[in-house]
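User: I would like to learn how to read the features of a model like this one. Please take them one at a time, with the general idea before the case.

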Amino acid sequence: MRDLFDEVAGQSPLDPQEAARRGTRTPQRKRFYARAGVIEAQGVRDGGFAVTLDGKPIRTPSGRTVTVPARDIADAIAAEWEAQRETIDPLTMPLTRFANSVVEAVVDRTELVADDVAKYLRSDLLFYRAGHPEGLVAREARHWDPVLFWAADALGAHFILAEGIMHVGQPDSAVQAARAALPSDPWSIAAIHVITTLTGSALLALALLNGMLDPDQVWAAAHVDEDWNAEQWGVDEEVATRRAARLIDFKAAIRILRALKPAG
């Protein structure tokens, strides 16, 4: 059983693409439990819920109980385990992978994870614009400019744009202002990290977190150039397959953020 949890926990959502690569070469294990359930976590200062397999809480490879902050998340993780058939496929368990990674690698390093997200604020997808054709230039502006205007108005973060791929330095004041808007709890910052790495944009992740864009708008904005190329030259099946795999982790991160959003 330890080998299985090593495999599931080791596929960190903080690097979803690496998780997919590992999953394709990991032999699947037989299902070893009858039922998955949820219980209130014991001895946890801020409360929470634990997912159980035949009554025993699941643990990370280091022995930590996987405790999640919201019942909705715990129920969803339990549902992933219940959905497994004769063999267990970690690639169909994005929330389980997410939870294991948060408990194992994020709860004690939230500032480091936030710092990693903030690195994208110096080379964000939204800063680098096409010079032509006009249709692509207009589409990038339509999807990306509102986010930059929002960052300037709501966060006080004024960034610099560039044409092409030549690096342009960003003002420290802008980076620091946007970084200050990142969440501090481990589950939310882990979800923001996933969204940032999948989209290439910390600003899109922040816009989503603050309700400036919805998930569909974020996903579309992250793939403006890719969709444009597909319209011009046709869909690349390999690219489409990778995108579908990334979307699974994107939706898992969205579910985490929604479950943690304060009521009202």
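Analyst: Start with exposure, for which buried means under 20% relative accessible area, exposed over 50%, and partly exposed in between (1.4 Å probe, protein chains only). Arg-71 has a relative accessible area of 40%, so Arg-71 is partly exposed. The model is predicted: local features need pLDDT of at least 70, side-chain atom pairs count only at pLDDT 80 or more, and totals for chains, interfaces and linings use all residues. Residues are numbered from 1 along each chain as its sequence is written, and side-chain values use heavy atoms, leaving out hydrogens and water.

User: Which residues does Arg-71 touch, not counting those up to four places away in sequence?

Analyst: Contact means heavy atoms within 4.5 Å. On that basis Arg-71 touches Val-38 and Phe-49. Arg-71 is found in helix α3; helices (H or I, at least four residues) and strands (E, at least two) are DSSP runs, numbered from the N terminus.

User: How is the packing of two helices described?

Analyst: Two packed helices are described by the angle between their axes and the distance between the axes. Axes are lines fitted to C-alpha atoms, for helices over the stretch in contact, and angles run from 0 to 180 degrees between N-to-C directions. Here the axes of α3 (residues 71–83) and α12 (residues 237–260) cross at roughly 145 degrees and come within 8 Å. Asp-72, Ile-73 and Ala-76 of α3 meet Arg-255, Ile-256, Ala-259 and Leu-260 of α12.

User: What is the nearest side chain of opposite charge to Asp-124?

Analyst: Lys and Arg count as positive and Asp and Glu as negative; His and the chain ends are not counted. A salt bridge is a side-chain nitrogen of Lys or Arg within 4 Å of a carboxyl oxygen of Asp or Glu. For Asp-124, which is buried, the nearest such side chain is Arg-129 at 8.6 Å, and there is no salt bridge. The Asp-124 side chain does reach the side chain of Ser-201 in a polar contact of 2.7 Å. A polar contact is a pair of N or O atoms within 3.5 Å; within protein, one must be able to donate a hydrogen and the other to accept it, and residues adjacent in sequence count only if both atoms are side-chain atoms.

User: What should I look for in the backbone?

Analyst: Most residues other than glycine have a negative phi, and most peptide bonds are trans. Asp-54 has a positive phi, near 55 degrees, and His-132 and Pro-133 are joined by a cis peptide bond with omega about -10 degrees.
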